Amino acid sequence: YSAINSARSALSSYLKIGVGSHQLESIFMRGISNTNPPRPRYNITWDVGVVLTLLRSWSPMMGLPLDRLTYKVVMLMALTTAQRVQTLQKLRLDSMVSTPDEVTFFIEEVLKQHRPGATGLQLEFRAYPVDATLCIATHLRYYIKVTHIIRKMEQGLFISHKNPHHRVTVQTISRWLRVVLGAAGIDTNVLKSHSTRAASTSAARTMEVPMDHVLATAGWASETTFQHFYNKPVAAPATFAEAMLSAVP
């Protein structure tokens, strides 16, 4: 439906012959929608506790090789913010503010979830003193420290493990997330990197995080989006990030 509707919209923009408003066309599009309606990518999701247990075992932080440290930081960021991989890839050191309690990034670029005319996003990664092995703020600062020399002038947060250590692509970060999922025993042939959004937000609702906080964290304007596409059954109160990290058994 989406592909045909996009083509119809494109034709309507260039052809001034009533494309998009004809009665037969409307009936045809309604029939396509009824035959093949938009469906969520996943019908189930994975237990964030399983992944957090794995990440907790990747300790101590200072003994981790760079690739494993990177995987851990990326997954913790994905779970505690419920953001798309595109958003994580756009994080930059020259748009970061670090305090003892949190690390904040400011994104000025247009993102997929932005409504027309809207720009800018602020992501906060707060310290988690309850469990140092899952503290995203501590691991993030350490990642920046150990990559300081090899990144040279590169301002993109996530860089390649190999020379040249340039900013990585969205596809690379997606692959890193799949590595973690696979290591945790999750079938990555079914559940891809994007499933982190459904897993984290579904777990948050299970732990009774207020809906308005879930929507604000994930960047959704309507509860309908969450309920239809992301609220999935999972095996399994404070802030969204704290609820995620406390899900570990």
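Residues are numbered from 1 along each chain as its sequence is written, and side-chain values rest on heavy atoms, with hydrogens and water left out. Because the model is predicted, local features are reported only at pLDDT of at least 70 and side-chain atom pairs only at pLDDT 80 or more, whereas totals for chains, interfaces and linings use all residues.

The strands form an open sheet of 3 members in the order β1-β2-β3, with antiparallel pairing, where two strands are taken to pair if DSSP finds at least two bridges between them. From one strand to the next the twist averages 15 degrees; axes are lines fitted to C-alpha atoms, for helices over the stretch in contact, and angles between N-to-C directions run from 0 to 180 degrees. Between β1 and β2 (residues 102-107), which run antiparallel, there are 3 bridges, and S98 has V103 of β2 as its bridge partner. In general, the strands of a sheet pair through backbone hydrogen bonds, either parallel or antiparallel.

The structure holds 4 salt bridges, a salt bridge being a side-chain nitrogen of Lys or Arg within 4 Å of a carboxyl oxygen of Asp or Glu. One of them is formed by the side chains of R56 and D131, at 2.8 Å from N to O. Since R56 belongs to helix α3 (residues 48-57) and D131 to the loop between β3 and α6 (136-146), this pair ties together parts that are 75 residues apart in sequence. The two partners are covered to unlike extents under the accessibility classes used here (buried, under 20% relative accessible area; exposed, over 50%; partly exposed, in between; 1.4 Å probe, protein chains only): R56 is partly exposed, with a relative accessible area of 32%, and D131 is buried, at 12%.

Through salt bridges that share partners, E102, E124 and R126 are joined into one network.

The axes of α3 and helix α4 (residues 66-81) come within 11 Å and cross at roughly 150 degrees, which makes α3 roughly antiparallel to α4. The axes of α4 and α6 come within 10 Å and cross at roughly 140 degrees, and these two helices are therefore oblique to each other. The crossing of α3 and α4 is left-handed, as is that of α4 and α6; a crossing is left-handed if the near helix is turned anticlockwise from the far one by less than a right angle, and right-handed if clockwise.

Helix α9 (residues 195-206) has 12 residues and reaches 16 Å from its first C-alpha to its last, close to the expected 16 Å, the expected span being 1.5 Å times one less than the number of residues. This helix is mostly covered, with 10 of its 12 residues buried, among them R197, S200 and A204. Just after α9, E208 takes a positive phi of about 65 degrees.

Two loop residues complete the description. L191, in the loop between α8 (170-183) and α9, is buried, with a relative accessible area of 8%, and its C-alpha atom is separated by 8.6 Å from that of R178, 13 residues apart along the chain. A132, in the loop between β3 and α6, counts as exposed at 58% relative accessibility. A132 and P60 are 72 residues apart in sequence and 9.5 Å apart in space, C-alpha to C-alpha.

Terms used: Helix = DSSP H or I, 4+ residues; strand = E, 2+ residues; numbered from the N terminus. Parallel < 35°, antiparallel > 145°, perpendicular 65-115°, else oblique.
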